Amino acid sequence: MNAKKILFLLGVGATILTTNVMASEDARAIMEKVDSRDDGQTLEQDMLMILIDKNGNERTRDLKSYSKDKGEDEQKTMFFKSPADVKNTAFLTYDYDDASKDDDQWLYLPALKKVKRIPSTDKSSSFMGSDFSYFDMTNRDLEDYSFKILKDTKVRGHDAWMIESTPNNQKVIDESGYNKTIAIVRKDNYVVVRAINFLTNGKKKYLDLKKIHEENGIWVVDEMTMTTKKGKRTLHKTILRFSNITLNAPIDDGVFTTRRLEKGL
């Protein structure tokens, strides 16, 4: 190999390295804007959960959910209203802004009349038979990931970035069950409208925000899906539809306690 060839390759290598570093920094900045986007101080809404198995059979569940900012942290409660086999089941999450602090989650099972704390080792498990895991029910800490812009793209006519996020340590991989995630972020509103989660077992979970709308400067979700696939084969699908959405109305702190889980709506 001659000297000119070596210098050429070194120059290309330096360019690639610089580009990757800049892309990484830009990706991080984008995800910081996603994380800081205004989603309201409180949110109350009805949820319809539709579970679809590989044969197309459907089961539906009606829920009521509440969320509230508590300083930099967020608290969320969900109450299952129907059908009978899940009625009065309730779920509570304390989502901490401090990345060094594990989020707390509790599930109330009326058949056992007991509140069960969800350990971090179980957070990759399915949430109530859906394609969402307990980990999916919390926000991701940016400090736990490295980000990279893969390319510019479009989704439903809107310009967007395709951004890859990779866990920084094995603890996050073990807790989430994900090796990496590729997210599609709209450029106009910094909403993650699609994502592919790569599971450690070789499966993939596809998130799609089918319908969103803006309400007083805040973007809210009307319908989303999560689909679990192995290769091209669909194994299961969950549809979430939201209605009677109320933003920034007062919600009593007592809604976000384990005692309230036991009491119900």
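Let's start with Glu-223: at 14% relative accessibility, this residue counts as buried. Buried means under 20% relative accessible area, exposed means over 50%, and partly exposed lies in between (1.4 Å probe, protein chains only).

A word on the source. This is a predicted model, where local features need pLDDT of at least 70, side-chain atom pairs count only at pLDDT 80 or more, and totals for chains, interfaces and linings use all residues. Residues are numbered from 1 along each chain as its sequence is written, and side-chain values use heavy atoms, with hydrogens and water left out.

Back to Glu-223. Which side chain does Glu-223 meet in a salt bridge? Arg-241, at 3.4 Å, N to O. A salt bridge is a side-chain nitrogen of Lys or Arg within 4 Å of a carboxyl oxygen of Asp or Glu. This pair links distant parts of the chain: Glu-223 sits in strand β12 (residues 218-230), Arg-241 in strand β13 (residues 233-247), 18 residues apart. Strands (E, at least two residues) are DSSP runs, numbered from the N terminus. Arg-241 is partly exposed, at 36%.

Next pair. Asp-152 and Lys-187 form a salt bridge at 3.3 Å, N to O. They too link distant parts of the chain, 35 residues apart. Asp-152 is in strand β7 (residues 145-155), and Lys-187 is in the loop between β9 (178-186) and β10 (192-199). Lys-187 is partly exposed, at 29%.

Asp-159 is partly exposed, at 40%. Lys-154 is exposed, at 56%.

Now a network. Salt bridges link Glu-44, Asp-46, Lys-64 and Lys-81.

And the total? The count comes to 19 salt bridges.

Notes. Helix = DSSP H or I, 4+ residues; strand = E, 2+ residues; numbered from the N terminus.
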